[in-house]
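Subject: Structure handover

Hello,

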Amino acid sequence: MKRQHQRIFALTVVAAAVSMTARAEGNPQETQTTTSNRSEETVLPMLPVYGEPEETKSATKLDLTVFETPQTVSVVSEDQMNDFDLKEVNSVLKYTPGVTVEKTETDRVYYTARGFDIVNFQQDGVGVPFAFGLNRGADNTAMYEKIEVVKGANGLITGLANPSATVNYVLKRPTDEPQASVSAAAGSWNQRRLEADVSGPLSGDKVKGRLVVTKQQGDSYLDRYEKDLSGIYGILEADFTDRTRASVGLSINDSNNDGVLYGALPLFYSNGSVTNYDRSTSTAPDWAYMDVRKTRTFFELQHDVTDNWQANIHYSHNVEDTEWELLYLAGSPDPETQQGLNGTASYYESKVKEDIVDLYVNGTFEGWGQEHEIVAGVNVSDVSLKGHSVYASSLRNTAVGGDWMKGIARPEFDTYNPSTDSTDIDKKQRSYYVSTRLKASDDLAFLLGARAIKLDQKGVNYSVRQETSETETVPYIGATYEAAVGTMLYASYSKVFNPQVWVDSDFKPLGAAKGVSREVGIKQELNDSGAILTLARFESELNNLGEYASYDSGTNTNIYRGIDIESEGYEVELSGEVSEGLNMSAGYTDLSIKDKDGKDTRTHIPTKQFKLAAAYQLSGIDGLRVGGGLNWQNDIYYNNTKVQGEYMLVDVFASYEPTDHLTLALNLNNITNEKYRESVQNGQSYYGPGRNVMASVTWRY
């Protein structure tokens with residue numbers, strides 16, 4: 001088994017830290033960051049902030065705050081990620097109000113919001129939908145300063161989307177003054193993690209850099225499952241002139257895991273009753289593995305044309321390499337003997353390449369006694385998907401016996417037909433967009449925009465042609481009215497356009513899913529704008545959404561049918577510093593998902609959720625910070641059978657700073673040891689982790 005591992009050497013981190021420290025010692029001036037003030041000799045405690053009180057461009061690329069954006073926007077800040085030890089994207093989104101993390105397997109994950117899959121994940125507002133509709137591997141959060149989630153359709157920025165949400169990763173940037181941090185953590189199931197972050201000027205005040213490296217290894221509560229995660233992120237920023245700036249960056253995220261699930265435990269016994277296994281039970285053998293390397297390279301150039309207008313160029317080149325050997329078990333076992341499952345083993349290898357260019361100008365202009373904003377641009381993306389599967393003739397839909405929980409022996413992979421077992425698809429997307437914020441008065445503003453899209457796709461996916469050409473113009477309309485100081489009324493409307501790669505029972509392209517998304521709400525600033533309370537009512541309609549129907553064994557093709565869905569509900573969300581020393585992120589979602597006949601559908605998604613993350617800086621004990629989190633959801637079903645009752649997960653943490661440079665932290669997760677299933681979306685499921693602990697120590701300069 002040939003596997004590639006990224007090797008990160010501590011020498012790199014130490015050398016960088018020494019370099020930055022030397023610069024700091026040579027520059028005794030007072031430094032400033034966005035979250036802390038430093039004296040000439042010591043580092044004062046940070047002032048943590050949840051949410052995002054400043055500008056965010058995730059929804060429109062306009063310079064709007066969350067308060068001014070006519071959609072629900074959730075922001076998980078770096079402080080919240082640190083408090084709750086949210087080191088992977090899955091963990092962050094589990095704490096994001098209104099979002100469900102559908103972990104159908106250990107290393108392949110779907111995400112949903114408002115009843116639909118989330119397929120758009122971006123870095124700094126630029127990206128394309130998931131190539132396969134899901135996320136593979138484990139994405140590290142160490143390189144991000146915050147993660148923004150814009151609920152509903154986001155036609156202005158993405159164009160191609162479901163009326164679910166868009167997730168935007170906001171990268172850490174170099175700081176004006178030298179700073180460095182190193183942390184080490186250890187916890188349950190032999191988990192170990194090292195992380196280092198070094199930032200500061202490299203050549204006077206013209207060139208700055210930042211380097212973040214991570215390494216994580218450990219076992220798991222699941223039988224035979226082991227994680228090996230590595231990450232490195234580097235960025236350089238340079239000021240060529242007072243008006244021209246450039247950035248170049250590279251990130252590599254390696255996820256090399258053993259004993260990974262492909263599919264999961266059966267949901268039903270042969271007698272029709274719901275299965276019940278130990279939390280640690282896994283269908284994966286010890287030889288199963290998945291290696292995923294995600295490499296992202298980007299270049300940005302900004303030029304101030306005038307004091308009010310800016311030209312921007314963004315180019316990114318993304319590559320995702322995947323290799324796996326996996327075992328899939330299907331069927332309904334006997335509750336006593338566990339016999340009745342058939343297994344299929346496969347080796348898979350794929351490469352996804354993305355080249356994205358985003359060119360736009362933004363600025364302000366005067367008119368009717370008000371200042372208005374406008375953004376106009378063009379986005380071009382080329383995506384290439386290549387992959388192939390190799391099967392084992394001795395283990396292909398073969399009965400595996402009743403001892404499958406101990407692990408199945410590895411077979412030889414010897415069956416491969418290039419004409420039926422390969423993927424070779426090319427996608428080209430061109431879009432032109434414009435968005436503007438027109439102020440009718442100091443209190444009333446209208447957001448108008450549109451995105452014209454042309455998508456061409458050609459190629460073959462497991463012997464099925466994937467040729468299609470789609471064009472669409474997606475309009476966006478929004479309005480905000482500040483009825484009183486700190487009270488904002490808003491409404492927004494967007495068309496939905498989401499091309500799909502699925503084929504129907506005649507092996508013809510299913511075509512695009514189309515619909516509309518609407519939202520109205522009110523936002524209230526609290527605690528002198530330190531926190532925002534949002535109450536939103538939303539409705540979405542999507543026609544011809546691809547739903548899995550059957551599997552054609554002759555062509556190894558999944559067959560889909562188009563369905564019509566209506567989603568509606570409301571969300572209440574509170575985020576920010578609600579009072580002195582108390583930060584909070586909380587949200588309640590109530591959702592209804594109906595098909596064209598008015599019947600409940602997509603019942604694997606919870607229709608009610610409540611999420612809470614709170615942290616309090618104790619005033620009586622300097623440096624002590626405590627907090628807790630709740631994640632509650634109601635029942636979920638599969639084929640009208642309840643397979644998971646409502647449950648609540650409870651997490652707590654405490655951190656203490658004995659000195660200005662040192663932080664000690666302890667996180668306890670699922671303290672009630674709740675037993676619950678992860679996603680039941682595909683008719684299989686496995687259990688989530690029980691009670692666990694993680695302790696860490698962080699040094700910062």
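Below is what was found in it, grouped by kind of interaction.

**Ground rules**

This is a predicted model: local features need pLDDT of at least 70, side-chain atom pairs count only at pLDDT 80 or more, and totals for chains, interfaces and linings use all residues. Residues are numbered from 1 along each chain as its sequence is written, and side-chain values use heavy atoms, with hydrogens and water left out.

**Nonpolar cores**

A nonpolar core here is a set of buried Ala, Val, Leu, Ile, Met, Phe, Trp, Tyr and Cys residues joined through side-chain atoms within 4.5 Å. Buried means under 20% relative accessible area, exposed over 50%, and partly exposed in between (1.4 Å probe, protein chains only). The largest core has 33 residues. L93, Y111, I118, F121 and V167 have the most contacts inside it.

Several elements each supply at least two residues of this core: α3 (89-94), β4 (99-102), β5 (108-113), β9 (144-151), β10 (165-171), β14 (227-239) and β30 (608-617). Helices (H or I, at least four residues) and strands (E, at least two) are DSSP runs, numbered from the N terminus. The largest share, four residues, comes from β10.

What does F121 contact, leaving aside its neighbours within four places in sequence? The list is L93, Y111, G127, V128, F130, V167 and Y169. Contact means heavy atoms within 4.5 Å.

There is also a second, separate core of 18 residues. Its members include L265, Y277, V390 and Y687.

**Salt bridges**

The criterion is a side-chain nitrogen of Lys or Arg within 4 Å of a carboxyl oxygen of Asp or Glu. A search of the whole structure gives 44 salt bridges.

Take R602 and D117. Their closest N and O atoms are 3.0 Å apart. The pair links distant parts of the chain, 485 residues apart. R602 is in the loop between β29 (582-595) and β30, and D117 is in strand β6 (residues 116-117). Both R602 and D117 are buried.

One is with K428, at 3.8 Å, N to O. K428 lies in strand β21 (residues 422-439) and D382 in strand β20 (residues 370-399), so this pair ties together parts 46 residues apart in sequence. The other is with R430, the closest N and O atoms being 3.3 Å apart. R430 is also in β21, so that pair ties together parts 48 residues apart in sequence. What are the relative accessible areas here? K428 is partly exposed at 39%. D382 is partly exposed at 27%, and R430 is partly exposed at 30%.

One network is joined by salt bridges that share partners: D124, R173, D176, K208, E237 and E300.

**Aromatic rings**

Rings of Phe, Tyr and Trp (its six-membered ring) pair if their centres lie within 6.5 Å; planes under 30 degrees apart count as stacked, over 60 as edge-to-face and the rest as tilted. The whole structure has 16 aromatic pairs.

F84 and F653 form an edge-to-face pair, 5.2 Å centre to centre with 70° between the planes. F84 lies in the loop between α2 (78-83) and α3, and F653 in strand β34, so the pair ties together parts 569 residues apart in sequence. F84 is buried, with a relative accessible area of 5%. F653 is buried, at 5% relative accessibility.

Y111, F121, Y144 and Y169 form one aromatic cluster.

Two lysines lie over ring faces. K523 is over Y490, at 5.2 Å from the ring centre. K675 is over Y687, at 4.6 Å from the ring centre. The test is NZ of Lys or CZ of Arg within 6 Å of the ring centre and within 35 degrees of the ring normal.

**Two single residues**

V652 is in strand β34 (residues 647-656). V652 is partly exposed, at 28% relative accessibility. Beyond four places in sequence, V652 touches G627, G628, L666, N667, L668 and I671.

E320 is in strand β18 (residues 309-331). E320 is buried, at 18% relative accessibility. Beyond four places in sequence, E320 touches R136, V292, R293, K294, S350, K351 and V352. The side chains of E320 and R136 are joined by a polar contact of 3.2 Å. A polar contact is a pair of N or O atoms within 3.5 Å; within protein, one must be able to donate a hydrogen and the other to accept it, and residues adjacent in sequence count only if both atoms are side-chain atoms.

Best regards
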